Amino acid sequence: MKNATELAADQAAFWNGPGGAAWLASQERIERGIAWFGEQALAAAAPQLGERVLDIGCGTGGTTAALAAAVGASGHVLGVDISEPLVAASRARQIANASFECADAATQPFEAESFDLMFSRFGVMFFGDPVTAFKNLRRALKPSGRLVFVCWRMPQENPWGLVPFKAAAPFLPPVERPGPEDPGQYSFGDRARVERILKGAGFGTPTFEPLDRPMRLGQDMAETLDNAGKFGPLARLFAETSPANVAKAKEAIAAALKPHVTPDGVQLAGACWLVRVGRN
Ligand SMILES: C[S@@+](CC[C@H](N)C(=O)[O-])C[C@H]1O[C@@H](n2cnc3c(N)ncnc32)[C@H](O)[C@@H]1O
């Protein structure tokens, strides 16, 4: 079993390597796919003029830009991300009242009690030692401050990811199932675990609001299969698989997704938690 340092190193290598590159290559499509969830979280966070905000795991800065617009010229947003290429893309936005740091949010020595709001769209599920990471973040939140983030619920509630993955699995190299405490896309799916982590870090009692929205995998099956090879767990496995087996995997995905073809593209349910908590 890997320790927290090794898990953090794996995440840094992934987001600075293939994960960051794939995210950048599909940036616009990914952004469209997750925009609604981020908008709900932004509305719940209700950033105010003049506030100081931290955008955790800011990626290419889409939510940082929205937060910066909301806090206005008298406010400021710091976007922090562990991935150099994604931070470079954020900086290229040249947002007057935002700055970006390439750093591990789990350990970065932020100024104590300096943020009114900490925000994240899908950027807080990757800490090797989440309790220690959230302790570090809480230290930097003002006593009156709030933390608002959106994260995926369990894989079974997210068939947009699970259905194609299960269909393709027999033709792809075996993957180790992540342990219940391991970082990853669905690691905050269990709300009891999230509550335990936040309370363990000293936060108050969080509230959890389910956010449900279909995810559009592509405008038709051909685009969906093409997209599957570009970003996400399948793309990673396709890269390690023979072309013949990738073709078989794609056939199986097409069969499994056939019932989900709609006039508005290939769509399956997506499910997130909107989590809000005070510093305590
Ligand atoms: C799923 S992406 C979300 C990006 C962005 N929030 C968005 O919604 O477009 C997760 C992001 O978290 C970043 N990340 C992962 N672990 C991190 C850490 N320990 N500190 C800072 N950023 C981290 C990754 O580099 C990646 O950009």
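The following legends describe close-up views of a predicted model.

**View 1. Residues around the ligand.** The shell around the ligand holds 22 residues, and Trp 15, Gly 57, Gly 59, Arg 121 and Phe 126 come nearest to the ligand. By class, the shell is made up of 11 nonpolar, 8 polar and 3 charged residues.

**View 2. Strand β2 and its partner β1.** Strands β1 and β2 run parallel to each other and are paired over 5 bridges. Within this pairing, Val 53 has Val 77 in β2 as its bridge partner. How many of the residues of β2 are buried? The count is 6 of the 6, so β2 is largely enclosed by the rest of the structure. The burial extends to both faces of β2: one side carries His 76, Leu 78 and Val 80, and the other carries Val 77, Gly 79 and Asp 81.

**View 3. Packing of helices α2 and α5.** Two packed helices are described by the angle between their axes and the distance between the axes. For helix α2 (residues 18–25) and helix α5 (residues 84–91), the angle is about 35° and the axes lie 8 Å apart. Which residues of the two helices meet? From α2 come Gly 20, Ala 21, Trp 23 and Leu 24, and from α5 come Pro 85, Leu 86 and Ala 89. The contact of α2 with α5 comprises 6 nonpolar residues and 1 polar residue, with no charged residues.

**View 4. Strand β8 and its partners.** Strand β8 (residues 265–278) runs antiparallel to strand β5 (residues 141–152), and 7 bridges join the two. One of the paired positions is Trp 152, whose bridge partner in β8 is Cys 272. Strand β6 (residues 207–218) also pairs with β8 in the antiparallel sense, over 11 bridges. Here Pro 210 stands opposite Trp 273 of β8. A further antiparallel partner of β8 is strand β7 (residues 261–262), with 2 bridges. Strands β7 and β8 form a hairpin that has 2 residues between the strands, and Thr 262 has Gly 265 in β8 as its bridge partner.

View 5. In soluble globular proteins, nonpolar side chains tend to be buried together. The largest nonpolar core in the model has 58 residues, and Met 118, Phe 119, Phe 149 and Cys 151 have the most contacts inside this core. Strand β5 supplies the largest share of the core, with 7 residues. Leaving aside residues up to four places away in sequence, Phe 149 touches Ala 41, Phe 119, Ser 120, Val 124 and Val 275. Another core, of 17 residues, lies apart from the largest one and includes Trp 160, Ala 168, Leu 225 and Val 266.

**View 6. Two residues with positive phi.** Ala 46 is not a glycine, yet its phi is positive, near 45°. Ala 46 belongs to the loop between α3 (27–45) and β1 (52–56). Is Ala 46 buried or exposed? Ala 46 is exposed, because 11 other C-beta atoms lie within 10 Å, and a residue with 12 or fewer counts as exposed. Asn 280, also not a glycine, has a positive phi of about 80° and is found in the segment after β8. Asn 280 counts as partly exposed, because there are 13 C-beta neighbours inside 10 Å.

Methods. Residues are numbered from 1 along each chain as its sequence is written. This is a predicted model: local features need pLDDT of at least 70, side-chain atom pairs count only at pLDDT 80 or more; totals for chains, interfaces and linings use all residues. A residue is near a molecule or strand if its C-beta atom, placed from the backbone, lies within 6 Å of it. Ala, Val, Leu, Ile, Met, Phe, Trp, Tyr, Cys and Pro count as nonpolar, Asp, Glu, Lys and Arg as charged, and the others, Gly among them, as polar. Axes are lines fitted to C-alpha atoms, for helices over the stretch in contact, and angles run from 0 to 180 degrees between N-to-C directions. Helices (H or I, at least four residues) and strands (E, at least two) are DSSP runs, numbered from the N terminus. Two residues are in contact if their C-beta atoms, placed from the backbone, lie within 7 Å. Two strands pair if DSSP finds at least two bridges between them. A residue is buried if 20 or more other C-beta atoms lie within 10 Å of its own, exposed if 12 or fewer, and partly exposed in between; C-beta atoms are placed from the backbone. A nonpolar core is a set of buried Ala, Val, Leu, Ile, Met, Phe, Trp, Tyr and Cys residues joined through C-beta atoms within 7 Å.
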